[in-house]
Structure formats: structure tokens, C-alpha cells
Amino acid sequence: QVQLVESGGGLVQPGGSLRLSCAASGSVFNINDMGWYRQAPGKQRELVARITKDGSTNYADSVKGRFTISRDNAKNTVSLQMNSLKPEDTAVYYCHALTVLYDTIRTAYWGQGLQVTVSP
């Protein structure tokens, strides 16, 4: 089992910045990918950014150049630096971790979610 505890989020004006952080505990040695997803009202949850254990990243097209994901494997944390925020970035943001056992058993874990609101 992996527990994910998120921090950060809140209300920010358009063009502003926020930083989200997520700390993993429990069976962290099995964690492969970590990342952030978001879900806006009336929409499906979508990938924002993901980072592998070796540091490879991928981003949603809508956030490329504005958001940066980083990971500290020693501390079992993942962070998302969000710059140049837009109203359309408003959503609940969820930390995500994927564990893999025996190369085949994949389990996804989620944080409790953080509200990010971008508004004048």
C-alpha cells in the first residue's frame, strides 16, 4: 500500500504561479511512475504531467512550457510547479503513483485532491 499526501493549491490570479507537492509513504520501493492529474467540473480526469523513476517526463499539451514536474526519489516526493496559470487550469489536482510488482502487477494510488482556482 502507498499513501499519498498532497499540499499546496489554492486561489491565484491569472498569470500567477502555484506549487503542488506530494509525499508518498508505505511501500514506496515499488513506485515506478508518479504524476499529477486534474479534473475540472463536468469533465473527465486528465493527465497533467508524469515522471518516471529515472526522470523521464511527459506533459499534457495544454501545460507544456508552463508546468514543470520534478521528483525526489530519496524523499519519495513529487512536485508540480505551475506558472502562467490560466482560468482553464482551474480543477481539482490529484497526485498519482503507480507501483509495479513482478513486472506485471500494476496498482494505481491517488491522493485526496487539491483545489486549484485561477480567477481574477
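Is Trp-110 buried, partly exposed or exposed? Trp-110 is partly exposed, at a relative accessible area of 37%; buried means under 20%, exposed over 50%, and partly exposed in between, with a 1.4 Å probe and protein chains only.

A quick word on the model, folks. It's predicted, so to speak: local features need pLDDT of at least 70, side-chain atom pairs count only at pLDDT 80 or more, and totals for chains, interfaces and linings use all residues. Residues are numbered from 1 along each chain as its sequence is written, and side-chain values use heavy atoms, leaving out hydrogens and water.

Okay, the rings. There are two aromatic pairs here (ring centres within 6.5 Å, with Trp counted by its six-membered ring; planes under 30 degrees apart are stacked, over 60 edge-to-face, the rest tilted). Tyr-37 and Trp-110 sit edge-to-face, 5.0 Å centre to centre with 75° between the planes. Tyr-37 is in strand β4 and Trp-110 in strand β10, so this pair ties together parts 73 residues apart in sequence (strands are DSSP runs of E, at least two residues, numbered from the N terminus).

Then Tyr-94 and Trp-110: centres 6.5 Å apart, planes at 90°, so edge-to-face. Tyr-37, Tyr-94 and Trp-110 end up linked into a cluster. Tyr-37 is buried at 17%, and Tyr-94 is buried at 15%.

Now look at Arg-45. Its charged end sits over the ring of Trp-110, 4.6 Å from the centre (that takes CZ of Arg or NZ of Lys within 6 Å of the ring centre and within 35 degrees of the ring normal). Arg-45 also lies over the face of Tyr-94, at 3.7 Å from the ring centre.

Technical notes: Helices (H or I, at least four residues) and strands (E, at least two) are DSSP runs, numbered from the N terminus.
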